[in-house]
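I opened the model to look up a few things and keep short notes on each. The entries follow in the order in which I made them.

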Amino acid sequence: MTSLPGSPWLQRQGAQLVLDGCSLDELATRFGTPLFVYSQRAMEDAAQRYLGALKGHPHLLCYAMKANSTLAVLQTFARLGLGFDIVSGGELLRALAAGASPDQIVFSGVGKTAPEISLALEHGVRCFNVESTPELERLAALARAAGRTARISLRVNPDVDAGTHPYISTGLKNNKFGIAHREAVAAYRRAAELEGLQVDGIDCHIGSQITQIEPYLDALDRLLDLVESVERAGITLHHVDIGGGLGITYDDETPPDASELIGRVLDRLRARGHGHRTLLMEPGRSLVGNAGVLLTEVQYLKHGEAKNFCIVDAAMNDLLRPAMYQAWMRVEACTESPGAEALTWDVVGPVCESGDWLARDRQLALQPGARLAILSAGAYGMSMASNYNSRGRAAEVMVRDGHSWLVRERENPAHLFAGERLLDTATLADSRGPAGY
Ligand code: LLP
């Protein structure tokens with residue numbers, strides 16, 4: 001019995017790949033493919049690493065639900081007392097449907113619309129992480145109109161290089177996110193004078209899949225410099241939110257454990273005389289990434305002129321990360337066939353794009369009908385899935401200690417066009433109601 005990198009819950013038992021007591025090949029037979037499978041205990045373990053290290057210090061751990069917003073996943077974290085980091089009205093409604101309490105929700109995002117802000121005000125979210133001065137003005141006006149006070153934090157861009165992929169690095173000057181460091185004090189002054197707002201904290205998020213602690217400490221230092229300037233201007237800040245971003249093991253990365261990161265962050269807070277402040281964090285990937293796999297079935301083996309293609313039934317619409325970031329995701333056979341000859345394959349999907357690949361140049365012993373598991377697919381897998389090529393989204397299963405639950409049905413073609421109208425029954429554009437979320 002051997003554990004695979006990243007998750008002690010995923011093991012090779014004889015020829016079988018097993019996730020917390022469930023054979024993945026059996027799950028594929030029972031529920032069909034493509035299929036996402038998540039270990040609930042792996043998620044709980046990951047959360048406990050954060051919670052354990054934060055214990056004794058005032059904190060709020062907000063799961064960044066964009067990583068995986070499936071209700072059963074949210075419910076798992078809500079039951080552990082986690083809060084949520086949301087970025088849309090849709091995420092707010094999902095979090096509430098899963099049992100989240102609004103006073104543990106922070107609302108991030110660079111483009112919050114007026115209906116989304118009003119919805120969040122109505123539910124009384126804990127804090128708006130504001131990303132620009134126009135957003136401050138809009139939020140204040142909407143709060144006054146609703147007779148509410150919005151608690152705010154300003155997302156500051158610390159201009160720190162998190163050393164990660166350019167598409168998922170967010171704390172640099174040329175990113176669209178946050179308020180420039182040198183403009184932050186003026187923005188806080190404006191926030192403090194606007195009726196309808198109550199200044200509560202400061203936040204940043206420097207990127208994703210970060211495998212080192214130093215960028216966090218650099219960003220924290222930049223944030224604390226600002227906290228000191230803002231408080232000198234007579235504005236009190238209660239919390240510091242250092243965002244998410246902690247990386248996971250896809251291949252041979254060795255990111256620090258959450259407890260190590262938190263230990264260093266708390267040490268730095270205390271060393272600089274900020275030990276009394278509430279610490280907020282917004283991890284996404286590190287809570288769910290290694291808890292999930294995507295199962296897919298080999299359809300055809302094709303020997304091209306320059307490459308061997310293994311055509312599977314999962315595609316870029318199920319798992320976009322390889323196509324979008326050239327991300328490397330580990331591929332394992334659900335059932336190993338010892339002695340079978342391994343060849344070098346590109347694992348590709350059926351979608352009509354050359355970018356539709358899941359893995360390249362992998363040594364695998366394959367035959368049609370075999371099932372493959374794409375590992376570390378719990379984060380930014382299903383939540384980024386689309387219906388491109390009119391493909392229904394995959395089903396999802398949660399496993400725990402040998403038991404399995406279908407937590408999302410496979411989308412069927414009727415689901416896909418349920419909201420559409422042929423022209424003869426469509427509503428005229430000029431009689432349309434207000435836009436929804
Ligand atoms: N907070 C904010 C404001 C964020 O923008 C994000 C992620 C997080 C927290 C959570 O970051 P995490 O702990 O998951 O790294 N689709 C990409 C990742 C995009 C991350 C976007 N922001 C991927 O598949 O690698």
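I count a salt bridge where a side-chain nitrogen of Lys or Arg lies within 4 Å of a carboxyl oxygen of Asp or Glu. The model is predicted. I looked up R41 and D401 and found a salt bridge, with the closest N and O atoms 3.7 Å apart. That pair is a salt bridge because 3.7 Å falls within the 4 Å limit. Between domain 1 and domain 2 I get a count of 3 salt bridges.

**Entry on domain bounds.** I took the bounds from the domain assignment, which gives domain 1 as 2-39 + 289-415 and domain 2 as 40-288. The C-alpha centres of domain 1 and domain 2 are 32 Å apart.

**Entry on the interface.** How many residues of domain 1 are in contact with domain 2? I find 31 residues of domain 1 in contact with 25 residues of domain 2. I noted the usual way to express this: the size of an interface is often given as the accessible area lost when the parts come together. Here the area buried between domain 1 and domain 2 is about 2,400 Å², and carbon and sulfur atoms give 53% of that area. I then asked which three residues supply more than any other three of the area that domain 1 buries against domain 2. They are W9, Y380 and R400, which supply 23% of that area.

I also ran the polar contacts, and the rule finds 20 residue pairs across the interface of domain 1 and domain 2, both residues being at pLDDT 80 or more. On the side of domain 1 that touches domain 2, at least two residues each come from β5 (35-39), α11 (321-325), β21 (395-400) and β22 (403-408). The largest share of that side, 4 residues, belongs to β21. By class, I list 14 nonpolar, 10 polar and 7 charged residues on that side of domain 1.

**Entry on salt bridges in the whole structure.** My search of the whole structure returns 27 salt bridges. I looked up one of them, D221 with R272, where the closest N and O atoms are 3.0 Å apart. D221 lies in helix α8 (residues 214-232) and R272 in the loop between α9 (258-271) and β14 (278-281), so this pair ties together parts that are 51 residues apart in sequence.

**Entry on aromatic pairs.** The whole structure holds 4 aromatic pairs. Y63 and F77 form a tilted one, 4.7 Å centre to centre with 45 degrees between the planes. Y63 is in strand β6 (residues 59-64) and F77 in helix α3 (residues 71-79), so the pair ties together parts that are 14 residues apart in sequence.

**Entry on backbone.** Most residues other than glycine have a negative phi, and most peptide bonds are trans. I noted a cis peptide bond joining T33 and P34, with omega about -5 degrees. P34 sits in the loop between α1 (24-31) and β5. D361 is not a glycine, yet I read a positive phi of about 50 degrees for D361. D361 is placed in strand β19 (residues 357-364).

Notes: Residues numbered from 1 in each chain as written. Predicted model: local features only at pLDDT ≥ 70, side-chain atom pairs only at ≥ 80, totals over all residues. Heavy atoms only, no water. Domains from an automatic or database assignment. Contact = heavy atoms within 4.5 Å. Buried area = accessible area lost by both parts, 1.4 Å probe. Polar contact = N/O pair within 3.5 Å; in protein donor to acceptor, adjacent residues only side chain to side chain. Nonpolar A, V, L, I, M, F, W, Y, C, P; charged D, E, K, R; others polar. Phe/Tyr/Trp six-rings, centres within 6.5 Å; stacked < 30°, edge-to-face > 60°.
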